[in-house]
Amino acid sequence: MYRLIIRSIFNQNLFLKRYSSNSNNYINVTIIDRDEKLINAKAKIGSNMLDVVLDNKLDIDGFGACEGTLACSTCHVVLDSENYKTLPEPVEEENDMLDLAFGLTPTSRLACQIIVEPRMKDWVFVVPKDVNDQR
Amino acid sequence: MTKHFLRKSQINFYFNRYLHEKSRFENGPNLEYFLKQPKSNDYQGNLILGKGEQRLRIPPWLKTEIPMGENFTKLKNTMSKLNLNTVCVEAKCPNIGECWNGGEDRIATATIMLLGDECTRGCRFCSVKTSRKPSPPDPNEPENTAKAICSWDIDYIVLTSVDRDDLSDQGSSHIAQTISSIKRQKPNLLIECLTPDFRGDKKCIETIVKSNLDVYAHNVETVRELQSHVRDYRANFEQSLNVLIYAKELNPNLITKTSLMLGLGETNEQIRETMRQIRTYANVDCLTLGQYMQPTRRHLKVKEFIRPEVFEELKNYGESIGFLYVASGPLVRSSYRAGEYFIKNILKTKRQKKEAVNV
């Protein structure tokens, strides 16, 4: 009888933990793509923003060409100035690559270097145009 | 016992079906139907990517079969046993089934990629892995490559490599060593090498040219206007052309070759202007034109699927402005076998002329 009670409490605990840890693992962020379309994306905590774009299968082409190795500037994103200030300083290699990015702004970062944290809930990431639109 | 016999109605049905199939077979398509190339005008689908649109569907002239076959498996095993990489696999070439199996003449060939499978650059059209510090080159690779290539029954081979901006000589001596090994073991084998731009370093180009290869290839990839959009930031049009000019300067008998990918958003006029510059300013002998195909989600989308007729027109234009040979078609790639036949002829003629002069 007691075993039944203990087991049911234990199972409930596990169930709650599993349920709550699921919702704790992901946060919602907003990504605005190159055609100015608003996309709601699920960002896994601990991954970087390049992974978020890939995992959500977003249709942004040529994004992350060097697979996050700081050898290109194709995952260039623009943040709000308040959010930008709260991010850790970029390493020298990131700055070198950012200098080559098209449409660089003072609040630009490379998405592959932004690690998702719970406080980034509802942040907006803008993917700027990567070339002068000739059409 | 009665159920073993068919009813009269059933017999009639099967007999009529047999007659119908027989007439279909006799009145069906003949051999000409299968040999005729379908005109691309029949295809009704969208060929130009509009603003905000999803991916374009692949038109029928670009569909290839799933690669399999005896030669294919044999080559795959040879590569993995000798620890060799091929650009065919790493860059997801659609022609892999055809080239590795051997085409009509059943001569299988592959383009071996030297210096590892990790490149230091991240170009937006290429699916080869990128790394800031790839693993050091395998010192046995030149000999293993030479051994593999010399065991195949071929007379023309294309070698290529990844970019190694992290090495002091950018990998040029490794490549030159491979070419020399092959030349030592099989002097009559014609070698074409598709090299990086070595960031314009003339000493590296000299190392490659000194190894006595037959065709020096380096790809400009796209028109001048799209260079920064498509290629890595370390690559540009002038630098690539200068590589080809310098190689020719060092050895005027060398055949130089370059390649363009179409469908990345350039206009027809831009393609023609680029071809003119390659021919007149850089004095390049051979050109290949192919359709860009998006290798993975992370790479640039195809902006336009160029019709086979346009490829044909560009080929005629190229030959009219003086290219020795233009290989042009949607599935043509810079090391695609179709171009080799002609280049082989050019080289044989040159060699015969040289021998005639020496005699």
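Predicted model: local features only at pLDDT ≥ 70, side-chain atom pairs only at ≥ 80, totals over all residues.

What is the order of the strands in the open sheet of chain B?

Analyst: The open sheet in chain B has 8 strands, and their order is E1-E2-E5-E6-E7-E8-E9-E10, with mixed pairing. Let's begin at the two ends of that list. Strand E1 (85-86) and strand E10 (325-328) of chain B are the edge strands; each has a single partner strand, so one side of each is left without a neighbour in the sheet. For E1(B), the partner is strand E2 (residues 112-114) of chain B: the two run antiparallel and are joined by 2 bridges. If you want to find one of these pairings in the picture, look for Thr86(B), whose bridge partner in E2(B) is Ile112(B).

Helix H12 (residues 308-320) of chain B touches strand E8 (255-262), strand E9 (286-291) and E10 of chain B, and its direction makes about 170° with that of E10(B).

Now let's look at the loops around these elements. Is Ser334(B) buried or exposed? Its relative accessibility is 14%, and residues under 20% count as buried, so Ser334(B) is buried. Leaving aside neighbours within four places in sequence, Ser334(B) is in contact with Glu192(B), Leu194(B), Asn219(B), Lys257(B), Ser259(B) and Thr288(B). With one of them, Asn219(B), the side chain of Ser334(B) makes a polar contact of 3.5 Å.

The loop between E9 and H12 of chain B holds Ile306(B). With a relative accessibility of 7%, Ile306(B) counts as buried too. Again leaving aside neighbours within four places in sequence, Ile306(B) is in contact with Trp61(B), Leu262(B), Gly263(B), Glu266(B), Gln291(B) and Phe311(B).

Next, let's turn to charged pairs. Over all chains there are 26 salt bridges. One of them pairs Glu67(A) with Arg298(B), with the closest N and O atoms 3.7 Å apart. Glu67(A) sits in the loop between helix H2 (49-55) and strand E3 (76-78) of chain A, while Arg298(B) sits in the loop between E9 and H12 of chain B, so this pair joins two chains. How accessible are the two partners? Glu67(A), at 32% relative accessibility, is partly exposed, whereas Arg298(B), at 16%, is buried.

A salt bridge within chain B joins Arg121(B) to Asp197(B), with 3.0 Å between the closest N and O atoms. This pair links distant parts of the chain, 76 residues apart: Arg121(B) is in the loop between strand E3 (118-119) and strand E4 (129-130) of chain B, and Asp197(B) is in the loop between strand E6 (190-194) and helix H8 (202-210) of chain B. Both Arg121(B) and Asp197(B) are buried.

Asp285(B) and Lys248(B) form another salt bridge, at 3.0 Å from N to O. They too come from distant parts of the chain, 37 residues apart, with Asp285(B) in the loop between helix H11 (268-281) and E9 of chain B and Lys248(B) in helix H10 (residues 237-250) of chain B. Asp285(B) has a relative accessible area of 9%, so it counts as buried, and Lys248(B), at 13%, is buried as well. Some salt bridges share partners: Arg121(B), Asp163(B), Asp165(B), Asp197(B), Arg199(B), Asp232(B) and Arg234(B) are joined into one network in this way.

Finally, let's see where chain B meets chain A. There, 28 residues of chain B are in contact with 27 residues of chain A. The area buried between the two chains is about 2300 Å², and carbon and sulfur atoms give 44% of it. On the chain B side, Arg132(B), Arg297(B) and Arg298(B) lose the most area to chain A, together 32% of what that side buries. Across this interface there are 4 salt bridges, and 12 residue pairs are in polar contact.

Definitions and conventions. Residues numbered from 1 in each chain as written. Chains lettered and ligands numbered in written order. Heavy atoms only, no water. Pairing = 2+ DSSP bridges. Helix = DSSP H or I, 4+ residues; strand = E, 2+ residues; numbered from the N terminus. Contact = heavy atoms within 4.5 Å. Axes fitted to C-alpha atoms, helices over the stretch in contact; angles between N-to-C directions. Buried < 20%, exposed > 50% of the residue type's maximum accessible area, 1.4 Å probe, protein only. Polar contact = N/O pair within 3.5 Å; in protein donor to acceptor, adjacent residues only side chain to side chain. Salt bridge = Lys/Arg side-chain N within 4 Å of Asp/Glu carboxyl O. Buried area = accessible area lost by both parts, 1.4 Å probe.
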